Structures are given as structure tokens and as C-alpha cells.
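Colleague: I have not looked at this one before. Can you walk me through it?

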Amino acid sequence: MLTIENVRMTFFPGTLNARVALDDVSLQLAPGDFVTVIGSNGAGKSTLLNVVAGTLRADSGTVRIDGRDVTRMSDHQRARYIGRVFQNPAAGTAPHMTIEENLAMALERGRRRGLRLGVTNAKRARFRQELTALEQGLETRLGDWVSLLSGGQRQALSLLMATFSEPKILLLDEHTAALDPQRAALVTRLTAEIVERFGLTTLMVTHNMDQALKLGNRLIMMHEGRIVLDLDAEAKSKMTAKGLLAEFEKVKGDALDDSLLQ
Amino acid sequence: MMIAVELGLIYAVMALGVYLTFRILDFADLTVDGSFTTGASIAAVGIVSGMPPALATSLALLGGMAAGLVTGLLHTRGRINGLLAGILTQIALYSVNLRIMGKANVPLLRESTLITPLKDADLVGTWASVGMFLAVAVVILALLVWFLHTDIGLAMRATGDNPDMIRSFGVNTDHQKLLGLALSNGLVALCGAIIAQYQGFADIGMGIGMIVAGLASVIIGQAVLGRSSVAIAATAVVLGSVLYRVVIYLALKAGLNPNDMKLISAVLVVLALVVPQWKGFARMGGFMRRRMTAMAETPLVEKEG
Ligand SMILES: Nc1ncnc2c1ncn2[C@@H]1O[C@H](COP(=O)(O)OP(=O)(O)OP(=O)(O)O)[C@@H](O)[C@H]1O
Ligand SMILES: [Mg+2]
């Protein structure tokens, strides 16, 4: 469903500040794969997601979605295939528009927008039903500005908006990191439910080892622009948070050895 | 006084255009001073050359849309900062407008215009003509509010509110800006065309300070009515336009010189921005101030991105 081939990405190439963010990354996701992505700060996780979404253009390599080469498409052109939720709860919604207007915009993902009313009664009924499933009490607040919602509520709404038009790929970048533990647990649960319900092919970045192990059917670890560990469902089910931390230490140690040898 | 209300209702068409860019797209578009005159010149020249006034006025609207499109292209394709793009188009339009008119002033005194029936019936400055101009303003207001609730309209509002978000749902925000700037300047030019017919001439200097008048209307109106929904915010703009003209009228009546008008306008905008920050108004004013500073801090040329 998602194929990433030999992607390289360097920030500030040819300068003293040159920074290799992705170093020949290749990754294949089968339909319905739910891959959790871990790695230290600056490992290139967000860059990888941005290259898939088209907000960043890779220096080389290709990105294919469902067999279609999207490497040269801009972010808004790819948006018909890709739903995203960001770390910052404010990033995924328009604050000075109502909940129902936000949902209506999300429902039109990738379609040609015309001069029909964005919010109709039929759509309202559907929104109410979808919002009820979030258990945030939002179904009675369709006409409220999104800026009035709490971070957790916004993130739950963002998740719904990113997914309910059933994109081919779902990209989650630390989407629970800015929430308190209770809200984070709730959004994590919603994520699992929604991905399951729509069978979405998903890449989820997280710094939470337990979350990375609990969710999904595959886990990858990134370090300095490379995928250094790739666990399939079985290996993942046997892995523990402690084991992952040990792996972290190992790649860091290797990197240290490398730099000492040079 | 009736004349002031009447003018306020006509200028409301321009103010609604300014609202579309300034509030909806979050884009301070200075094209307005030029495109207002463009509308006036096209309508005046068209009418003088024997065109039906309605046709000349429609052409004026199209001319304004083209002007807005130029600013939009400079900004989106040329990656020039929005303020600068507007100023460039505005300056260029000065020459274009002179070309259209062929001279600095085109009188319409003996021509038959859209306003002639009102003048012939001696209705200018009466309740009847206030009612007519009110009807025109309300129709345009209603169309604008309807548009902003369509799928395209929602995308345009999100383009001003959270561009990254709406791009992630497949909207080309550059296209939205182009469309918004075209519509906005179309309205502004339409207003210029009506004003030219109303006052009986088009003049190369008639657009100077229009953007300030437009901003004043938006800001004054929304300081009074608020902006809790698009319908309220847009209605506030029409109200603000009328209030603005009435205040100007009263200021002139109090003995101020017509040459002081621009100063009064600027002071009004400053007051409307500063006063709401005091005491009970503090919350709303803070929001506007943040908007204004954010605008002032945008770099002059944007990065490739
Ligand atoms: N817009 C940018 N401009 C310059 N350098 C960048 C940019 N974005 C990322 N980088 C650099 O690329 C590298 C990878 O960054 P990236 O954001 O992908 O890391 P990450 O794995 O998401 O880290 P984190 O866990 O902190 O979010 C880092 O060295 C970072 O400094
Ligand atoms: Mg990151």
C-alpha cells in the first residue's frame, strides 16, 4: 500500500550545517499494516512522515501509494490518499470555525469543492453519530468554535477528521505527546479503534515504548536517518519496553564506536 | 446625515471586499486603493463611450477581479510578501487607471447612469434611496455569507485560519488566495463604479485611503457587533461602514476641514484598535492587537517552501 524506496533527505546541503535527516530509507507497508515508529530526537521520524505526505520533497528516492508514484505530487495533491494528525492539537483543526464546519471540510478530502452548502442536515446527523463514538460530549456542540475545545478534545476531533473519509494512509506524529496521561490513553484507545474499524494503513511515531508495543502489528526503530530495527508482529509481541531500551543503547553505542574509530 | 448613511451603505460593498481579504484570508491587501479607482474609471469611460451603465459597471467588477488576481499571482507565484504585492499592484494601477481614463478626471454629469433615475426623481438623500442602497448592500452581504458557507467558502476561511490543516485535506491554498483576492477586489471595483456614478465623475485620486476606510469599517463594526459567526461579522462590516461615514460627517459638521478626512480616518482606525483593549474590552482587543502585530512582523519576501 505504501512503498518508500531509497529516500534521502539532507537539510542545508553543501553547507557546514548540512544535516542528513534520511539516509537511504526504504520501507514497505502492506494494506492494513499498522507500523509504530520509535527513535531518539532527531532520528528522522517526522522527516520520514513529511516526505510521505509531501510537505517535504526528498532529495532522491520514490514514494508510492497503492502503486501510484506520488513522489512529484505536492502535499495538497497527495492529501486525497493521506490523513494526518500532528503532535500539536491546534495543527489539525481550524480554530475559528465550528466543529461541524471542520468536519465538513474533512469529509470533502481530495474531492472537487463546489458551491454546495458545506454543512447540511444530513451531514449533521452523520457528524453527531461519529462524534458520539468519541465520547467527548462533542455531539451536542456542533456549532461551537473549535478554539473552545480542550487539547484532548481537539486531538480526538483531529483524529476523526483525519480518518473518517477513509484515506489510504494514516500518518500520526506523536499525536498523544501533548496530552495529559488520561487524555493520551483515551486518544490511544480511539486510535486503535478507528484504525481497526477502517482498516487503515498506518505509520505512527511515538516516544512511548508501551504505546509502540501495544498498538500495531509491526515496529521500526530509527536512528540518525536510518531504520535500525524492524520487528514483525511476532517479534513485536515478544518484545518488552526494557528490550527496546536495550536496543536503543546498542545503536547509540555502535554510533559512538563508529565516531571513536573515525 | 441621510447622505452619510447612503454613502456608508454604498461603501459597505467595498468594506465587504476588505473583510474578505483582511479577516477571512488574513491578508492585508493594499490593492484596494488602486482597484477602487480602476472600477470607477472603467465604469466612467464605458458610460461616456455609450455603453449601458449596467454593462459598464459589470466590466468594472471584472477589472477589479483582474487587479486582485495580479496581486494574488505576485504573492503566490512570485512569493512576494502580501503587503508588498498589494502595494506594487496599487502603484502599477495608478498608471493603468490614467491610461483607461486618458486624463485625471472623467465627468459623468450629463450621462445616463445607474443613479440617474434616483437623481431625476429627486430621491438622493431620502429614505427611499437609503432603502434602495440598503437593499443592494443586503443582497451582496447575503451572497457573501452564503458563499462563505459553501464547500469552497469553508476552504477559503480555513486558508486564513489554518492553511496547513486545509492543505492536508487536499485544498490548494494558493488557489483560494487567488479566488479571494479576485472576489474582494471585484467588490471594491464595483463600489468604485457605483461611487463614480453617484458623485458624477471618476477621478484618479478617488481611491486614496480607501483601504483605511475599509479597515475602519471592518474594525469599528466588529468592535460593536463582534464576530462570533460569519453572518454577524459580515453584518458588522456593513454597520461599521455606515458608522464610519456618519462619524466623518459629524466631524466635518463640527468644523473640521475636508482635507483632514484622511487624518480623521487614520485616528478612527487607531481608536477602534486601541480603545477595545482598555478595561472590559481587554480580551477582544488583545486578539486584534496580536493580529496586527503578526501582520507587521511578516517578512517582506517569503522563503521558497
Ligand atoms: N525544517 C528543518 N530544517 C532543518 N533541519 C531540519 C528540519 N526538520 C528536521 N531537521 C533536522 O533533521 C533531523 C531529523 O529531524 P526530525 O524532525 O525528522 O526528527 P524526529 O525523529 O522527528 O525527532 P523528534 O523525536 O525530536 O521529533 C534533525 O537533525 C533535525 O535537526
Ligand atoms: Mg518529530
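Modeller: One term to begin with: buried means under 20% relative accessible area, exposed over 50% and partly exposed in between, with a 1.4 Å probe and protein chains only. This is a predicted model, where local features need pLDDT of at least 70, side-chain atom pairs count only at pLDDT 80 or more, and totals for chains, interfaces and linings use all residues. Residues are numbered from 1 along each chain as its sequence is written, chains are lettered from A and ligands numbered from 1 in the order in which they are written, and side-chain values use heavy atoms, without hydrogens and water.

Colleague: Switching to helices, how many residues of α5(A) are buried?

Modeller: 12 of the 13 are, so α5(A) is largely enclosed by the rest of the structure. Among the buried ones are Gly152(A), Arg154(A), Leu157(A) and Met161(A).

Colleague: What covers the buried residues of α5(A)?

Modeller: The cover includes α3 (99–107), α4 (121–134) and α6 (181–198) of chain A, together with α8 (163–167) of chain B. Contact here means heavy atoms within 4.5 Å.

Colleague: How many residues does each chain put into the contact?

Modeller: Chain B gives 23 residues and chain A gives 31. The two chains bury about 2,300 Å² between them, 58% of it on carbon and sulfur atoms; buried area is the accessible area (1.4 Å probe) that two parts lose on being put together, summed over both. Asp151(B), Asp161(B) and Phe169(B) supply 29% of the area that chain B buries against chain A, more than any other three residues.

Colleague: Which residues meet where α3(A) touches α7(B)?

Modeller: Glu101(A), Ala104(A) and Met105(A) in α3(A) meet Leu154(B), Ala155(B), Arg157(B) and Ala158(B) in α7(B).

Note on methods: Helices (H or I, at least four residues) and strands (E, at least two) are DSSP runs, numbered from the N terminus.
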